[in-house]
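Please open your viewer, have the sequence beside it, and be ready to select residues by chain letter and number as we go from stop to stop.

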Amino acid sequence: MPFKLLREVLKVGEATVPYPFVAVDLTPGFRGRPQHDPAQCIACGACAVACPPNALTMTTNLDEGIITWQIFYGRCIYCGRCEEVCPTRAISLSHDFELAVMNKADLYEQADYRLAACTRCGVLFAPAKELTYVLALLEQSGVTGDELAERGALLAMCPTCRRKNDIVKLVALNQEAV
Amino acid sequence: MIELAEAKPKVGQKYVDAMRAQFGGKILEESWQAAEQVTLMVELNSLPDVVEFVYYRLGGWLSTVVGSDERPINGHFAIYYVLSVEGDETETEKAYVVIRALIPPHQPEFPAVASRVPAAVWYEREVRDMFGIQPVGMVDKRRLVLPDDWPPELHPLRKDAMDYRFRPTPTREEENYEFIQVEGEGVVEVPLGPLHMTSDEPGHFRLYMDGEHIVDADYRLFYVHRGMEKLAESRMTYDQITFLTDRICGICGYAHSVAYSTSIERALGIEVPARAQYIRTILLEVERLHSHLLNLGLACHFVGFDTGFMQFFRVREKTMKMAELLTGARKTYGMNLIGGIRKDILKEERTQVLQWIAELRGEVTRLVDILLNTPNIVQRTAGIGRLEPNVARDYSPVGPNLRGSGFHRDIRVIHPYCAYDRVPWTTISKTGCDVLSRTLIRAEEFFVSLDMVAQCLETIPEGPILTEGFAYKPYSFALGYVEAPRGEDIHWSMLGDNQKIYRWKCRASSYNNWPALRYMLRGNTFSDAPLIVASIDPCYSCTERVTVVDIRKKSVKTVAYKELERYCVERKDSPLK
Amino acid sequence: MVTDYKRRDTLMGETQYAIHMDDQTAALKGALLHDIRRSIFVYRVDCGGCNGCEIEIFAAITPIFDAERFGIKVVSSPRHADILLYTGSMTRSMRVPALRAYHAAPDPKVCVAYGACGSSGGIFHDLYCVWGGADQVIPIDAYIPGCPPTPPATIFGFAMALGILSQKLKATHHVEGEDERVQPRHPELPLDLRVDVERESRRMAGYWHGQQIADSFLNLLKAPASDIERNIQNFLAQKDDSRLTEIFGRLSEIYLMRKA
């Protein structure tokens, strides 16, 4: 028996990987640190809604007119739900795993985005970038000219004003019909 | 209640008929959640009779007991006893029979079943902790789940008790759990933990010793109680919980995730695509691979064969790499969605995994051979830590622990799920009832799992891996179950409204294995205690100190746990002397 | 060492039990980090983890990753420890044992919060029966995030806590630029085609493979119409993966239906 064991051990030889002197071999789909590309983010909050441990959060500051996206790597479980639900691929799980810190504050990443004000009532209601992106999508889906302008104007209104606008239009249509 | 479409034949109807013949009008209501899942509502006072009848007369095994505060729905508390009814040895019809009773809110008590069916002891203590519903006739008045510093009148799972984030002031600074008292000439009490030896979770053990022999044992677990069930019922939506269930156990988390997902899929009548079923099967077996290698490594360690321990951990890394390749994480975490799976297997992954399987087959064959030919392995494990078949029958333990005592019981066969009825494989059981049998089962199951992963990869069907566009049905409920590496994991889920879960109860395999451990320790020597605890595979954790209490002298002696572990390995110079 | 108990019922309270370190201990600790010239002994304190972290620590000290080659050794008593490694979300029941282990370890010592639960409470951060991370009870010097941290992440964490490797992660705070705009993907193609292809691709292969497959397919559609079919055939022949061919078949159906 000891002979068998010795043979096995000798056959295997050096089993240890040379990390940290050589980069460790990771599989292509390894889920490491979620990497946020703030320029590509529209602050829609889909990731924060999906995030099971609440590592991703969104907070609005109406006084300053900004919405803040935040990730706390100390709470992240690296499930990749944020990557899965992100409509603009602003966040994806990287191969980065060397995340240890001495200072807890370094586990946070934040990004501030401007909130757009409703063109009717002036209330802050949605990230400006999100509205611009929706317009770009409308263009991509073939909406042009007057229709694009009209839908753009609607988009710039808060949901309440949009509803009011709809009612006014509906009443007008009804009156026409009568 | 959701009535299942009549199309599927009901499996287990004859058990329902037998119960009706015995109890007649005491059975108030019958509803089927799936073809082999029936819930029967019975009169509260007939509960012990009915559960005992199903357990001992119809060949039932207690899978879980669910307490539920259904006052907002129907004005009552409810309790569900979930039994896997399997008849005798020759029986082929197997079904889950759930016995439900309503408990009036003004008199929150029910007749304890535990005096008739010992397997119910822990469950009924847990229901008392979490809901404040008293099991009348329960001898054991101690807490099970809640910490010693928790206020006595606060029952977290009552819907009106508290916010899930509420943290009451600790009522005390010291633990006050009352361990059993064993009296006798020369009996020495040995407390271990909570930061200690062989368990997954921190746990506090007391061994009652007569010289070198264990007379009895008692333990306090649930040091890791976090309040997951309350979390699932409050903060999370039903489709986020799959990521929570991964984190029930660091080793068989994926099994829990599948058990949860299938419970919801069954409740909502979602047909999971065949390809996703195969991938789930592959991942479940990959999980068994790394879990069994871990336990085999530990078996080496506890018989003093540390080189073997290191060698098993070396080859185990290949199974971890397999998990990383197939899921993106070394822990098979984060792979389930309600309705399917999150990652497909393409050619590159398939080829690589098949190659690793071939390598592992050779490596582990050689290591197991080396382990079994180690001179003292049989001597240290044969006849040690016996789980007698009658004790097993009374306590419903699960997994290799039960299969080592001659029961041919594996949920993958009894209640096939995923692709287990589509690929050929065999269950392993042994009759030695000892540590050796349990170790051999794990070694053999490792190779069965290797074959199964290869089979699934070779015969995996085409098609999608996710079902979308299903309807959320408020208040529907069902069971989900998986044979995890340590045995049956079972989840009972009831949907609420507003994309939430109303009640979710999960039961991990070790929960059913712990209560019988006391009987497995009795009569063995002190030095074999870590080996026996490890043989039920509760994983192992931190170590601390062992305090030896001599009841006669009322003196306390502290022994470093390392000493006990060393003693287990070397068996020289007992620290008790 | 003074343990200061401030008791009150809380809804997700912050630090309850502050431990104050005197100047002498702090100085000793600085010396430990800079001048240590021997092996480092680590004691693990499981404060309510799922065991995932514990197993990964074992993976880190066994042959493949072998942290012991750097002298990092896991010991079985806090009395021997230089580093206390706290895993788990700090459950109520483990608060007192965690403190006991802390006081048992001789000064100077380094306390490390390990894993998502240890660092912050993780997915359990706001629950009734947890305190939400090791730093709610014990003063923590370093954090190793991960769920669980992989063995290389563990080795990196130890090396960083001991000052051998330097910290890589830095807090960032982005402020939206004046002309920051997000371009839709594949603007050359109709939106509904892109959305349908991406959705079907995810249904067939999951989000991760799905994104890559959808992108390859959509990129192939950007060629002149006459070349598309031949390009797809060439692409698939080169990959030689029957599953990929099956998925491309489904995507092609969507494309043909949209075109018609």
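This is a predicted model: local features need pLDDT of at least 70, side-chain atom pairs count only at pLDDT 80 or more; totals for chains, interfaces and linings use all residues.

A search of the whole structure finds 25 aromatic pairs over all chains, and the tour begins with two of them.

**Stop 1: a pair within chain B.** Select B:W122 and B:Y511, whose rings form an edge-to-face aromatic pair, with 5.3 Å from centre to centre and 90 degrees between the planes. If you colour the helices, you will find B:W122 in helix 4 (residues 121-131) of chain B and B:Y511 in helix 16 (residues 509-521) of chain B, so that this pair links distant parts of the chain, 389 residues apart. Are these two residues buried or exposed? Both B:W122 and B:Y511 are buried.

**Stop 2: a pair between chains.** Now select B:F313 and C:F58, an aromatic pair that counts as tilted, with 6.4 Å between the ring centres and 50 degrees between the planes. Because B:F313 belongs to helix 9 (residues 306-327) of chain B while C:F58 belongs to helix 2 (residues 52-61) of chain C, the pair joins two chains. Both B:F313 and C:F58 are buried.

**Stop 3: charges over rings.** Stay in chain B and show the side chains of B:R393 and B:W61, where B:R393 lies over the face of B:W61 at 4.3 Å from the ring centre. Then move to chain C and select C:K109 with C:Y102, where the charged end of C:K109 sits over the ring of C:Y102, 4.1 Å from its centre.

**Stop 4: a cavity.** The structure holds ten cavities of 30 Å³ or more, and the second largest cavity has about 210 Å³ of space. To find this cavity, select A:R31, A:Y78, C:C147, C:P148 and C:T150, which are the closest to its centre among the 23 residues that line it. What classes of residue make up the lining of the second largest cavity? By class, this lining has twelve nonpolar, four polar and seven charged residues.

**Stop 5: the domains of chain C.** Finally, colour chain C by its domain assignment, which gives domain 1 (3-10 + 23-170) and domain 2 (191-259). The C-alpha centres of domain 1 of chain C and domain 2 of chain C lie 48 Å apart.

Terms used: Residues are numbered from 1 along each chain as its sequence is written. Chains are lettered from A and ligands numbered from 1 in the order in which they are written. Side-chain values use heavy atoms; hydrogens and water are left out. On a 1 Å grid over the protein atoms alone, a cavity is a set of points where a 1.4 Å probe fits but cannot get out, and a pocket is an open set with protein on both sides within 12 Å along at least five of seven lines; lining residues have an atom within 4 Å of a point. Grid points are joined across faces, edges and corners, and a volume is the space filled by probe spheres set on the points. Ala, Val, Leu, Ile, Met, Phe, Trp, Tyr, Cys and Pro count as nonpolar, Asp, Glu, Lys and Arg as charged, and the others, Gly among them, as polar. Rings of Phe, Tyr and Trp (its six-membered ring) pair if their centres lie within 6.5 Å; planes under 30 degrees apart count as stacked, over 60 as edge-to-face and the rest as tilted. Helices (H or I, at least four residues) and strands (E, at least two) are DSSP runs, numbered from the N terminus. Buried means under 20% relative accessible area, exposed over 50%, partly exposed in between (1.4 Å probe, protein chains only). A charge sits over a ring if NZ of Lys or CZ of Arg is within 6 Å of the ring centre and within 35 degrees of the ring normal. Domain bounds come from an automatic or database domain assignment.
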